[in-house]
Amino acid sequence: MSVENCKLIELPKIADQRGNLTFIEADRHVPFGIERIYYLYDIPEGAERGAHAHKALHQLIVAIAGSFDVVLNDGTQRRRFSLDSPDKGLYVCPMMWRELDNFSGGAVCMVLASAKYDEDDYFRDYEEFLCAAKGSK
Ligand code: TYD
């Protein structure tokens, strides 16, 4: 898995004088079936989240409010993505070490995920992740 497989996805936006509406459909706007949604909010200034990778999980990360950065690292290459709009999502494929930082005040990070929560799907140790990532290349 390469960081090149991860990309920003433009989500539909229906705008009228009452405001904007964005929607996300499984297998249409995201390349996986959606099994879980979670969100991070009330994030204190200077906080960093993530610092783990998933073995098999696919995710779409959306800045529903405010902004933040996501740094993706496939064990060889790193890329920083800035998310600052609810009509833009970052697709994250499996085996990507991710770090989230640079949260603005009031930021809300919504994540759509391809499976239910499973601690066994996590690499929380960076060296362990690196070994597995290099072994699979
Ligand atoms: P964690 O994945 O470490 O948070 P983040 O990557 O956003 O920094 O999760 C923090 C805690 O929440 C951890 O104890 C696991 C738990 N958790 C769930 O119970 N269900 C979930 O869907 C998620 C994402 C986390």
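**View 1. A salt bridge joins the side chains of Glu-25 and Arg-28, with N and O 3.0 Å apart.** A salt bridge here is a side-chain nitrogen of Lys or Arg within 4 Å of a carboxyl oxygen of Asp or Glu, and by this rule the count comes to eight salt bridges. The model is predicted, so local features need pLDDT of at least 70 and side-chain atom pairs count only at pLDDT 80 or more, while totals for chains, interfaces and linings use all residues. Residues are numbered from 1 along each chain as its sequence is written, and side-chain values use heavy atoms, with hydrogens and water left out. Glu-25 is partly exposed, with a relative accessible area of 35%, whereas Arg-28 counts as exposed at 55%; buried means under 20% relative accessible area, exposed over 50%, and partly exposed in between, with a 1.4 Å probe and protein chains only.

**View 2. Glu-35 and Lys-116 form a salt bridge whose closest N and O atoms are 2.8 Å apart.** This pair links distant parts of the chain, 81 residues apart, with Glu-35 in the loop between strand S3 (19–22) and S4 and Lys-116 in the loop between strand S11 (108–113) and S12. Strands (E, at least two residues) are DSSP runs, numbered from the N terminus. Glu-35 is partly exposed, with a relative accessible area of 43%, while Lys-116, at 57%, counts as exposed.

**View 3. Five strands form an open sheet with antiparallel pairing, in the order S8-S7-S10-S5-S12.** Strand S8 (78–83) and S12 stand at the edges, each with a single partner strand, so one side of each is left without a neighbour in the sheet. Two strands are taken to pair if DSSP finds at least two bridges between them. Strand S7 (residues 68–73) is joined to S8 over six bridges in the antiparallel sense, and Val-70 stands opposite Phe-81 in S8. Strand S5 (residues 49–54) runs antiparallel to strand S10 (residues 97–101), with three bridges between them, and Arg-49 stands opposite Leu-100 in S10. Two bridges also join S5 to strand S12 (residues 122–123), again antiparallel, and here Ala-53 has Phe-123 as its bridge partner.

View 4. Asp-69 is buried, with a relative accessible area of 7%. The side chain of Asp-69 makes a polar contact of 3.0 Å with the side chain of Ser-82, and another of 3.1 Å with the side chain of Asn-102; a polar contact is a pair of N or O atoms within 3.5 Å, where within protein one must be able to donate a hydrogen and the other to accept it, and residues adjacent in sequence count only if both atoms are side-chain atoms. Leaving aside neighbours within four places in sequence, the residues in contact with Asp-69 (heavy atoms within 4.5 Å) include Phe-81, Glu-99 and Leu-100.

**View 5. Asp-42 is found in the loop between strand S4 (36–40) and S5.** At 70% relative accessibility, Asp-42 counts as exposed. Asp-42 and Ala-107 are 65 residues apart in sequence, yet their C-alpha atoms are 7.4 Å apart in space. Tyr-41 lies in the loop between S4 and S5 as well.

Notes. Helix = DSSP H or I, 4+ residues; strand = E, 2+ residues; numbered from the N terminus.
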